[in-house]
Amino acid sequence: MKYKLGKTPARPNAVGLKFGMFFNAEKLPTPPAKFGHYGMGLGMSWGMLANDKFSNCVWAGGAHEHMVWTHRSGSGQPVAFRDQDVLADYAAATGFDPAKPNTDQGTDMVEGADYRRTVGIIDASGVRHKIDSYMALRAGDADQLALATYLMGATAIGLRFPESAEKQFDNSEPWDYVLGSPLQGGHYVPCVGRNSDGNFLVVTWGRLQAMTPAFLKNYCDEALAYISLDPLKNDLSPEGFNLDQLRRDLTAITN
């Protein structure tokens with residue numbers, strides 16, 4: 001491949017917390033047809049963040065998510081990440097060494113999420129950015145992905161990546177399902193919104209890429225919603241979001 005992947009195979013039931021346990025879709029706002037912060041006027045590129053050279057898509061994707069969240073918070077400019085920042089966390093979490101190609105084995109999505117919860121990922125200024133927790137979305141469920149992305153600003157999609165998608169990316173075409181296309185490996189992409197064509201928008205290899213619901217349904221093998229408690233506490237009604245139950249479950253996990 002011209003680009004690198006880097007998500008290891010999904011582990012069924014690796015995440016105990018499920019989105020549906022805490023969020024009542026019937027009591028929450030319905031996402032509009034088109035939404036997201038992908039047109040946020042970054043003033044900087046998304047950046048490849050070394051995912052053209054190494055299998056660090058989980059870490060490049062995490063940096064892209066924090067770019068969205070820091071912009072969404074009203075800070076004006078998204079926080080900056082450099083290749084070396086992203087690779088430093090990839091190395092710390094997995095034992096990756098750029099001088100030893102056999103150590104470039106990618107990352108388990110859930111293990112990456114746990115590192116982000118306990119350690120955080122470092123930006124270009126030396127600041128670490130953490131998540132409060134994470135929960136599983138139903139793999140391939142377009143409605144749940146749309147709701148979680150609308151609420152959180154960005155979510156994580158794990159894919160079994162087909163050969164056809166690389167060609168579609170090169171041709172600036174949406175990723176769409178192609179029957180029988182050989183699988184190339186696993187890939188991690190942040191979902192940051194949905195466009196007027198009904199396609200999800202993800203960030204990969206330094207730019208936005210459209211993804212059809214059919215692609216999601218057929219190739220997604222895991223998905224995560226990252227939780228930051230304060231915005232949810234302030235923005236969502238008690239009827240739609242069981243904050244107390246989430247706090248109790250997070251306490252049980254972290255103690």
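Author: Start with one term: buried means under 20% relative accessible area, exposed means over 50%, and partly exposed is in between, with a 1.4 Å probe and protein chains only.

Reader: Fine. Is H66 buried or exposed?

Author: H66 has a relative accessible area of 4%, so H66 is buried. This is a predicted model: local features need pLDDT of at least 70, side-chain atom pairs count only at pLDDT 80 or more, and totals for chains, interfaces and linings use all residues. Residues are numbered from 1 along each chain as its sequence is written, and side-chain values use heavy atoms, with hydrogens and water left out.

Reader: Where is H66 found?

Author: In helix α2, residues 57-75. Helices (H or I, at least four residues) and strands (E, at least two) are DSSP runs, numbered from the N terminus.

Reader: Which side chain makes a polar contact with the side chain of H66?

Author: That of R116, at 3.4 Å. A polar contact is a pair of N or O atoms within 3.5 Å; within protein, one must be able to donate a hydrogen and the other to accept it, and residues adjacent in sequence count only if both atoms are side-chain atoms.

Reader: What else does H66 touch?

Author: Leaving out residues up to four places away in sequence, H66 touches V79, F81, R116, I121, H129, K130 and I131. Contact means heavy atoms within 4.5 Å.

Reader: Back to R116. Which ring does its charged end sit over?

Author: The ring of Y226, 4.4 Å from the ring centre. The rule: NZ of Lys or CZ of Arg within 6 Å of the ring centre and within 35 degrees of the ring normal. R207 likewise lies over the face of F169, at 3.7 Å from the ring centre.

Reader: Rings, then. How many aromatic pairs are there in the whole structure?

Author: The search finds 15. Rings of Phe, Tyr and Trp (its six-membered ring) pair if their centres lie within 6.5 Å; planes under 30 degrees apart count as stacked, over 60 as edge-to-face and the rest as tilted. F54 and F96 form an edge-to-face pair, 5.1 Å centre to centre with 70° between the planes. F54 is in the loop between β1 (35-36) and α2, F96 in the loop between α3 (83-94) and α4 (109-118), and they are 42 residues apart. Both F54 and F96 are buried.

Reader: And why is the W69 and Y226 pair edge-to-face?

Author: Because the planes of W69 and Y226 are at 80°, with ring centres 6.0 Å apart. W69 lies in helix α2 and Y226 in strand β9 (residues 220-227), so this pair ties together parts 157 residues apart in sequence. W69 and Y226 are both buried.

Reader: Which rings link into a cluster?

Author: Y3, F161, F169, W175, Y177, W205, F215 and Y219, through ring pairs.

Reader: New topic. Which residues lie nearest the centre of the second largest pocket?

Author: R11, N13, A136, D221 and E222, out of 15 lining residues. β9 gives the largest share of that lining, four residues. On a 1 Å grid over the protein atoms alone, a pocket is an open set of points where a 1.4 Å probe fits, with protein on both sides within 12 Å along at least five of seven lines; lining residues have an atom within 4 Å of a point.

Reader: Last one. How much of the protein counts as buried?

Author: Of its 255 residues, 53%. The protein has nine helices and nine strands.
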